[in-house]
Amino acid sequence: MIIYDRLWETMKTKGISQYRLIKYYGFSAGQIGRLKKNAYVSTHTIDVLCTILNCSVEDIIEFRLDTSLNPKLGIDPAVATKPPLVPVDKS
């Protein structure tokens, strides 16, 4: 699950308000609402936020494993939380 709590902290630190995102950077109230609800936003939106805030993705997004979603996504919970048995070739 993607959580946007860090976004609000980073915005506060950088002095950027939700109003400013809407008024000066063209964000819609719907986008702000989706971020508040930890709902889907596009990678383009994440890219724009990182550019505006001059920060990295980790400054606005956090991933938390939500094992309750595994059955809904068709993921075997026993497999989803275990690392692979063989090393992954990164070449």
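Modeller: Start with the elements: helices (H or I, at least four residues) and strands (E, at least two) are DSSP runs, numbered from the N terminus. By that count the protein has six helices and two strands. Along the sequence they follow the pattern β-α-α-α-α-β-α-α. This is a predicted model, where local features need pLDDT of at least 70, side-chain atom pairs count only at pLDDT 80 or more, and totals for chains, interfaces and linings use all residues. Residues are numbered from 1 along each chain as its sequence is written, and side-chain values use heavy atoms, with hydrogens and water left out.

Colleague: How do you know that there are zero disulfides?

Modeller: A disulfide here is a pair of cysteine sulfur atoms within 2.5 Å. The whole structure was searched, and zero were found. Take Cys50: the closest cysteine sulfur, in Cys55, is 4.4 Å from its own, so the gap is too far for a bond. Cys55 is likewise in no disulfide, with the sulfur of Cys50 as its nearest.

Colleague: What makes Cys50 count as buried?

Modeller: Buried means under 20% relative accessible area, exposed means over 50%, and partly exposed lies in between (1.4 Å probe, protein chains only). Cys50 has 12% relative accessibility, so Cys50 counts as buried. Cys55 is buried too, at 16%. Of the 91 residues of the protein, 24% count as buried.

Colleague: Why is Asn54 called exposed?

Modeller: Its relative accessible area is 64%, so Asn54 is exposed. Asn54 lies in the loop between α4 and β2. Just after α4, Asn54 takes a positive phi of about 50°. Its C-alpha is 8.9 Å from that of Lys14, which is 40 residues apart from Asn54 along the chain.

Colleague: And Ile61: buried or exposed?

Modeller: Ile61 has a relative accessible area of 17%, so Ile61 is buried. Ile61 sits in the loop between α4 (43-53) and β2 (62-63).

Colleague: Which residues does Ile61 touch?

Modeller: Contact means heavy atoms within 4.5 Å. Leaving out residues up to four places away in sequence, Ile61 touches Ile2, Ile3, Tyr4, Arg6 and Ile46. Ile61 and Leu7 are 54 residues apart in sequence, yet 6.7 Å apart in space, C-alpha to C-alpha. Across the protein, 58% of the contacts with a separation of 6 or more join residues 24 or more positions apart.

Colleague: What makes the buried residues of α4 lie on the same side?

Modeller: In α4, the buried residues are Thr45, Ile46, Leu49, Cys50, Ile52 and Leu53. They cover an arc of only 165° around the axis, so they are on the same side of α4. The arc is that of the directions from the helix axis to the C-beta atoms. These buried residues pack against α1 (5-14), α2 (18-25) and α3 (29-36). The face turned away from the buried side carries the exposed residues Thr43, His44 and Thr51.

Colleague: How do you know that the charged end of Arg20 sits over the ring of Tyr24?

Modeller: The rule wants NZ of Lys or CZ of Arg within 6 Å of the ring centre and within 35 degrees of the ring normal. The charged end of Arg20 is 5.6 Å from the centre of the Tyr24 ring, and sits over that ring.
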